[in-house]
Amino acid sequence: MSRGFPDFPEITSENFEHSLSSDQSFVEFFNDFLLLPVFSVAVRYDGMSAGFELLDHTAVCLSHRIRTALMEIRSRAVCEPSWSPAEPLRDNSYSVTRLDREQTVQWLKRDRLPFFLRSDCYFEFRLTKGLSQLSGARSSPADDQCCLLSARPFGRFSEEMDSSFTCLNPSRSEPDDCSSAHGRSRSSFLEFKRSLVGGPGENILHLWMDIERLKTLSAKTKSRYLGWMKGQYVVSSSAAALGEQLLCRLGLNSATCWREERLRELQPRLSEILLLYWGQRFRLIVSGQRSCERGLSSSVCADTDPQTVCSCSDMRAELDGTEIQTLLEALHTESRSGFFFTHFCQNSGQQLWENAVYFCSELLQYHQLFCQSRFDPYRAQRTAQLLYASYLSSGAQMSVGLSEEDRRAVLLRLSPPFEDLFDRAEDHALRVLLEPWTLLSERLRDAPHTVAQWQEVRYAEAELFQTLQTLYTHTQSRQQQQHRTPAEGSRAPGIWDKVPQEFRAVRLDSLLRNRMELQHFLSFLEENSASLELQCWLDVEQLKKSDGALLEERNTSIKDKYFSSNFLFGAGSPATEEQQMRLLQMCGGQQCLQRDSVSLSVLSELQSLLHSRLETRWLPLFLSSSQFIRRQQQKKVTDVEREQQPVIRQRRRRHVWRASGGLMSSSQESVALRRALLNPVTCLQFQKFLSVRDDLLENDLLFWLEVQRYKDLCHSRCDDVALQRKVSIIISCFISSCVPPALQIHVPPEAAQRVMSQQRALGPYVFRETQACVFDELLKHWPDFVALRSAVGEEELQRVLDRETRSRRPTEEQDDSCSQQEEEDEAHVVADEEQNCGTDGTRAATYKISWSYTKHMAALEHEKTPSSSSSTTDQHTRTHRRSRHTSDQMKNQNEHRAEDRASTEQVTRVMYS
């Protein structure tokens, strides 16, 4: 180590307690470690009280409720003077469980500190302290500027680095925000990591961390980890590859150099590079921006902070309960916990548990290969074969006990390998690990009971809560001075007497903001033949958000549908005769109504009339219905059970790796969604759900399905001509469509362009990036679909989806009839293009261009016939509108899947004959 190099701190059991009291940076990293998902009871050190406490979700939830209520009353009190909160928040107190300091310190020294000292949290803490020593001697801005301009090298290796990184882009090393702490806190270290992203320094930091992890691994796994490190930093196609010149300078350019002893000797040089070069660059840049005085916000660190609270509660229910999801979160953070769970499995005496945890760890590395900007098919193939031979094959030394059926399914799809190759094996391994995970969780929950505890009352957001109470008082005073609102004055006592007291404060506006209850309210109105009243209000509300041609189209639709004898001017009109005459006068008479569009003032008046009728006539009947009361009681029981849970730890959010153009999740969530998409019934329901939200979302789902079929063709050993024809069909349908817009799915244009330009060079992975993009888009909407399905039930789901489809597209049939001639002309153009490409397009001209999932699936059945597959499939996969015939869809899907299974069985017989 060169002279003047910062010393890395060493934490031991002797100086542990002193570090807690005197080192705020250590407290931040140690708390980060204690709050990891692997520890079922989360303990944190509170610097203000100099003691330990159990982390409770109450303070976070209460703070969120206060801020939400304050934002709501400030925004709505202005635009809705008559509005008042249904349930004002009157209490901001909560209790915290405190732990005896001395007893807790002894317990942490025995059960937590040894794992902290071999965790990523400890390694990052040491680097943070090194950075803080660089900036410890504060210099004046003038001195800092001189150093920055003169670029004087810091340390003996900095001169080499200046020549090694000749291609460095200086803009990459500039942090986005300034930090006044100069590397003395965890957030500042995250800022330093951000400054390295995209440059050589990022890979050097990763190598330094991997060497630290290597020191902590058992002899059984070190050799495999060394092999993985070589693939990461030596193979040029890897995203973390070091430059050839740098590898030569470090002496790592040959395979024999990648030994633990050699890496240990090299680590001090890497420390010099990180601190004396990249650290000094970071410090000088921050010093030059010191006038900004802006702290690192939580949003800046969102991508790197592993302790974001996970809010996918509905998703956990889809994943067989919270235990599997929590286990996944723990596995994703094993290196940060010092491999706490892995150590438990190793010492359990159960070889199957140990093999399963190793398999899941290496599977994370396999998934990471598919999410890098530079993809290496050869490395993916080699890694897949190694995983299969080590853990899944019949004679595997570290077998995870996968069934013969699942093992053969993996073997059939082993070449070429895709990201979902080991989904079945991962699910099996997770269920194997569920037993040790449950056992460990029970032991950890019992551990804090050996420490003395007591309760302490605290108050959340005291200043904001006081502001909220003042606004409540002002709102109530203003309402007392105003006249009674029409909704209150016109209430029929007999109707409202039947409404339970706790629901009498419910207003129609709050119901309209509750998606689930709105669906139930609409079903209730349908049963009473009054659904058009709410539907009209919703359609007018949707019109107000439109512009241009869409505004005029929706205006015409509303006029034809509601300003007629069938609704507004009929016998069952929601308006009185006086109100009808007033609306007709506002329109300018019957002739003007038939000739001109309906003005916005007339529509607003109609909305007000419908709002009053719904709130005074139908709302009390709905609130007093047995179904509504039952749902609220069930919801209350669920909320109470959730609040009575003893400790809710902070959850790690869904672990994702950033890929070029999108995100791909490597967790049980993605496995659950992939299975749902391959289930014909669930897939069709999800498709309808997406079609209501956005036309392109439905195309995203169809594109994903078609790429999966293309992958199946790759595994079926069909000829290259058939594969290339399938690629061309998918591209012409979704990426370069003849029907505007050309790009029919949610992918960046540059990603689509790469597919177009490299479709022949990329082989089976031509759609890897684009499929990852659309899958991530689908994953965003999956929790909402799960929530809707849970709320309305399987039987009611189809009815709800059909109703939403009708409400969102009231003019679809009219649009189809008006544009039929134009679509037929386009069909002839498509047929001509197919003939020019050497395909038989004689039958294509007989079909109109309209997105039909039934025709789409039927066309895929003809792919096995060379003479007709190109023309028929290409024609039908060019269409871009949703299906209207559910029974035909299910039939065609099932027939096609039966053919797929038959094809797979045939391939199996060939391979094992």
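Colleague: Which helix is Asn31 found in?
Modeller: This is a predicted model, where local features need pLDDT of at least 70, side-chain atom pairs count only at pLDDT 80 or more, and totals for chains, interfaces and linings use all residues. Residues are numbered from 1 along each chain as its sequence is written, and side-chain values use heavy atoms, with hydrogens and water left out. Helices (H or I, at least four residues) and strands (E, at least two) are DSSP runs, numbered from the N terminus. Asn31 is found in residues 24–34, helix α2.

Colleague: Is Asn31 buried or exposed?
Modeller: Buried means under 20% relative accessible area, exposed over 50%, and partly exposed in between (1.4 Å probe, protein chains only). The relative accessible area of Asn31 is 9%. Asn31 is therefore buried.

Colleague: Which backbone nitrogen lies 2.7 Å from a polar atom of the Asn31 side chain?
Modeller: Contact means heavy atoms within 4.5 Å. Leaving aside neighbours within four places in sequence, Asn31 is in contact with Arg44 and Tyr45. A polar contact is a pair of N or O atoms within 3.5 Å; within protein, one must be able to donate a hydrogen and the other to accept it, and residues adjacent in sequence count only if both atoms are side-chain atoms. The nitrogen at 2.7 Å is that of Tyr45.

Colleague: How many helices and strands are there in the protein?
Modeller: The protein has 913 residues, and buried residues make up 51% of them. Among contacts with a separation of 6 or more, 77% join residues 24 or more positions apart. The count is 43 helices and six strands.

Colleague: Why is strand β3 largely enclosed by the rest of the structure?
Modeller: Strand β3 covers residues 93–99. It is largely enclosed because, of its seven residues, the number buried is five.

Colleague: Over how many bridges do β3 and strand β4 pair?
Modeller: Two strands pair if DSSP finds at least two bridges between them. Strand β2 (residues 51–54) pairs with β3 in the antiparallel sense over two bridges. Strand β4 (residues 453–459) also pairs with β3 in the antiparallel sense. For β3 and β4, the bridges number seven.

Colleague: Which residue in β4 does Leu99 stand opposite?
Modeller: Leu99 belongs to β3, where it is the bridge partner of Phe52. In β4, Leu99 stands opposite Gln453.

Colleague: Why is helix α33 largely enclosed by the rest of the structure?
Modeller: Helix α33 (residues 680–693) reaches 20 Å from its first C-alpha to its last, close to the 20 Å expected at 1.5 Å a residue. That expected span is 1.5 Å times one less than the number of residues. Buried residues of α33 include Pro680, Leu684, Phe686 and Phe689. The helix is largely enclosed because, of its 14 residues, the number buried is 12.

Colleague: Which residue's side-chain oxygen reaches to within 3.0 Å of the backbone nitrogen of Val681?
Modeller: This contact sits at the start of α33. The side-chain oxygen comes from Asn679.

Colleague: Which cysteine sulfur is nearest to that of Cys360?
Modeller: A disulfide is a pair of cysteine sulfur atoms within 2.5 Å. The structure holds zero disulfides. Cys360 is in none, and its nearest cysteine sulfur is 9.5 Å away. That sulfur belongs to Cys345.

Colleague: What is the relative accessible area of Cys683?
Modeller: Cys360 is buried, at 7%. Cys683 is also buried, with a relative accessible area of 0%.

Colleague: How far apart are Met756 and Ser736 in space, C-alpha to C-alpha?
Modeller: Met756 lies in helix α36 (residues 749–758) and counts as partly exposed at 30% relative accessibility. Not counting residues up to four places away in sequence, Met756 touches Ile731, Ile735 and Ser736. Met756 and Ser736 are 20 residues apart in sequence, and their distance in space is 8.2 Å.
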